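Please examine the structure shown here before reading the questions and answers.

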Amino acid sequence: MNEIEKGEIEIPSELTLSWLRDKYAKRELTPQDIAATIVQRSLEDAAMHIWITPPSLELMQPYLDGLDKIAMADAPLWGIPFAIKDNIDLAGVPTTAGCAEYAYMPSEHAGVVERLIAAGAIPVGKTNLDQFATGLVGARSPYGDTHNALRPELISGGSSSGSAVSVARGQAVFSLGTDTAGSGRVPAALNRLVGYKPSLGAWPTKGVVPACASLDCVTVFAHSLEDALAVDQVARGVHAEDPWSRNVTRGASSLPGKVLLPEGALDFYGPFAAEYQAAWEAAVAALKKMNPDLSIEYVDVTLFAQAAAILYEGPWVAERWAALGSFIETHPGIAYPVTEQILRSGAAVEYDAASVFTAMHKLQQFKLEARKLLKGAVLVMPTCGGTWSREQVLTDPISTNRDMGRYTNHCNLLDLCAVAVPAGDAEGRTPFGITFFGLAEEEEMICGAAEQFVGGLVGFVASEVVSETASGAARESAASERATTLVAVCGLHMRGYPLEKQMLGCGARFIREDETAAAYSLVKLPTTPAKPGLIKQQQGGSAIRLEIWEMPLEAFGGFAAAIPAPLGIGKVELRDGTEVPGFVCEAYAAAGAEDVTSLGGWRQVVPL
């Protein structure tokens, strides 16, 4: 490295555009360093089935070398790594659409990929997907079902499953998905991301394997709306060789005249239905408080459900058959079974020309009604009304998938734009999200409303509603008003480990990943299960990665009292010099323990 020894910069688990550009500008990191980190992370997560063509230095090197010819000041995405859903072409890398027998080798980039690379972005690999972009669960791929980024037993969402999880797991700053019925939004909600779906035709779809060509959109996943809109700024615009491309501008973010909410009770489903409903109610409460001058109005959303039904319960499914039917007919039994079943339904005799026109005319009326309703307004719905375990989806692939599209399927049929944003958690490590919908020519309104919601959400949901863990009942909490303390945890109480449930049971919430000052050793205690011991050194020592949680003081005393020796709660010095209460170990225990300091943290000692 140029000015510091490699390894002194801690690369965060969530990569963002602003953080990377800052490190590049200060010459503290290089794109080559980030590329190597991404390759390593992808290897560590190989069992999660994120990739079809995984990240490799061989794939990335030509693009890294190309940065020498581009001035960082002139390239808004200079050195920014991104992932590509494997139904979008990257020249010289096979496009499979989730089916090896369908694969072909593109000689040129898809239109949107070409624009991103020209702006300095670095493609890192091709991600897994529900085969032929047919599904919303992420479990319909012969390359394996992609695991949720936060809870591996749950679905990732689809069809852009790998794209979302690659960002959530720190293997890309942003990723490209596609969205016909919600595939650019559902995985965002389930993995705590922003999913931006521009208006139809705003981004080129040239070089995209069609699902329903008249409805397909390329979309972006990122950790923030700011990053998503930076990508939109590069990707947007008419493409001369794309017949579906059109000129749709996005102005500066602005607030709508009013926010529309669904009238009456909504449907929630899956094993966390009650928690999702509580999270939706908390989000509605936050929406009502985000701007006193913004009008909130409840409206009948029946027309959106009726429009959504046309997509899979009407002749529009024949458009999928038109795109892929010849391949399925000449390769019977090759496609993923449930995918082939859905595609073949498009060849049903009832979907004749007359039925297509009947549906088109009905949809045109729905579009008119939607335009009247949404003019100058945005509609807010849950992105998903629930989620499922991967096992539940594999057992019942049709109805579970149908539920996931309940609040998304209408969007492209009605020519709407949408942005899905996080809205707290339904329960521990089970994200909840909402979507802002607007008219195609009013994209700036969904951006303005989403920005204000996200900006005002921090602390609000926690202060109003905290989800109960496994019981399914929601309880009110004054978390932001009552006394709390930060707690540093370095082992079995971290996210994903067996004792995380103790943290959640005490009403604690995860704040951030961090590390200690370079003054500690870490030992592996000879217990069952093995536990970490964090010991401060009088001289020397290393930085140890850990997590910072916030816990109500009323629960902290009992929690600390239950910790068995040689462990206990003491003051842990963090890398910024501050001290917080956290797990420490008595020095005598080091004598009979394995020193694992060199590994840098418990996740490297006992990987999940």
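The questions below concern a predicted model and take up a helix, a sheet, a threonine and a pocket in turn.

Q: How many residues of helix 5 are buried?
A: Helix 5 spans residues 161-168 and is mostly covered. Its buried residues are S161, G162, S163, A164, V165, S166, V167 and A168. The count of buried residues in helix 5 is therefore, with under 20% relative accessible area as the limit, 8 of 8.

Q: Which elements cover the buried residues of helix 5?
A: Contact here requires heavy atoms within 4.5 Å. The cover includes one helix segment, helix 6 (186-190). It also includes strand 1 (51-53), strand 2 (81-85), strand 3 (122-127), strand 4 (174-179) and strand 6 (217-222).

Q: Which residue with a positive phi follows helix 5?
A: Helix 5 covers residues 161-168. After this helix comes a residue whose phi is near 75°, namely G170.

Q: What is the bridge partner of K524 in strand 21?
A: Strand 16 comprises residues 520-525 and pairs with strand 21 in the antiparallel sense. This pairing runs over 2 bridges. In strand 21, the partner of K524 is E594.

Q: Is T400 buried or exposed?
A: T400 has its place in helix 14, which holds residues 397-404. Leaving aside residues up to four places away in sequence, T400 touches W388, Q392 and V393. The relative accessibility of T400 is 3%, so T400 counts as buried.

Q: Which residue has its backbone oxygen 2.6 Å from a polar atom of the T400 side chain?
A: T400 belongs to helix 14, residues 397-404. A polar atom of the T400 side chain lies 2.6 Å from a backbone oxygen, and that oxygen belongs to D396.

Q: Which helix gives the most to the lining of the second largest pocket?
A: The second largest pocket holds about 740 Å³ of space. Of the 33 residues that line this pocket, the closest to its centre are A308, E313, R402, G405 and N409. Helix 9 (302-313), helix 11 (337-345) and helix 14 each supply at least two lining residues. The most, 7 residues, come from helix 9.

Q: How many residues in the lining of the second largest pocket are charged?
A: The lining of this pocket has 33 residues. Among them, 16 are nonpolar and 9 are polar. The number of charged residues is 8.

Definitions and conventions
Residues numbered from 1 in each chain as written. Predicted model: local features only at pLDDT ≥ 70, side-chain atom pairs only at ≥ 80, totals over all residues. Heavy atoms only, no water. Buried < 20%, exposed > 50% of the residue type's maximum accessible area, 1.4 Å probe, protein only. Helix = DSSP H or I, 4+ residues; strand = E, 2+ residues; numbered from the N terminus. Pairing = 2+ DSSP bridges. Polar contact = N/O pair within 3.5 Å; in protein donor to acceptor, adjacent residues only side chain to side chain. 1 Å grid on protein atoms, 1.4 Å probe; cavity = no way out; pocket = protein on both sides within 12 Å on 5 of 7 lines; lining within 4 Å. Points joined across faces, edges and corners; volume = space filled by probe spheres on them. Nonpolar A, V, L, I, M, F, W, Y, C, P; charged D, E, K, R; others polar.
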